Amino acid sequence: MRSMLRSGKYWGPCQATNPVDRCWRCWKDWANYRPKLADFVPGFGHKITGGQKGSIYIVTDSSDNDLTNSKPGTLCHAVIQNGPLWIIFARDLHIKLSQELIMTSDKTIDARGADVHIAYGGRIMIQHVKNVILNGLSIHYIFPASASDSYAPDKMMQVTIAYNHFGRGLIQKNAKKSIGNLPCCEQ
């Protein structure tokens, strides 16, 4: 819908079609209240805060070619920072990861307001961490992982996945699980 509003194709009243969107889509100043999204997480993730207590990190660069020596301004650099962090995007970005993007705890990746794709490369790995929120990302055509549907530790995983579309090329349940806790809130 954001792209429809930008292109001038939709002229009706603001429509929030699910609880995740109701907490921000119709607010003119929603960007000033980004961390409020973490206040209303459903399901197993109801106590999650993500990067709510941290500062805001703005991703400005789509390159992620060297994950070992990531440069400031990239998504890779953001997710490896110590402590809580609310990660946003300066503009529409298409990110092709050269390898798995390994998350650290207490992070929110918030793509609201931008058209952000992570595609045709490595996946986001959420393993041995806690308190992670992903919102508004388009994740598609990711390389398959060596983790399988029979991986025993995944049976104990507590994840809330709400209001998502799983398209072609998503071949493992673990890939669905690794998308993370997606928040939901009310107006």
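**The main core**

Modeller: In this predicted model, the largest nonpolar core has 26 residues, and those with the most contacts inside it are Leu 75, Ile 87, Phe 89, Ile 109 and Leu 137. By nonpolar core I mean buried Ala, Val, Leu, Ile, Met, Phe, Trp, Tyr and Cys residues joined through side-chain atoms within 4.5 Å; buried is under 20% relative accessible area, with a 1.4 Å probe and protein chains only. Two or more residues each come from strand S1 (55-59), helix H3 (75-79) and strands S2 (85-89), S3 (93-95), S6 (116-121), S8 (132-135) and S9 (137-142). H3 gives the largest share, 4 residues.

Now zoom in on Leu 75. Skipping neighbours within four places in sequence, Leu 75 is in contact (heavy atoms within 4.5 Å) with Val 59, Asp 61, Asp 64, Ile 87, Phe 89, Ile 95, Leu 101, Ile 109 and Ile 118. Apart from this core lies another, of 9 residues, including Cys 23, Trp 30, Ala 38 and Trp 86.

Stepping back, the chain has 4 helices and 9 strands, DSSP runs of H or I for at least four residues and of E for at least two, numbered from the N terminus. In order they go α-α-β-α-β-β-β-β-β-β-β-β-α. Of the 187 residues, 42% count as buried.

For the record, local features need pLDDT of at least 70 and side-chain atom pairs pLDDT 80 or more, while totals for chains, interfaces and linings use all residues. Residues are numbered from 1 along each chain as its sequence is written, and side-chain values use heavy atoms, leaving out hydrogens and water.

Methods. Buried means under 20% relative accessible area, exposed over 50%, partly exposed in between (1.4 Å probe, protein chains only).
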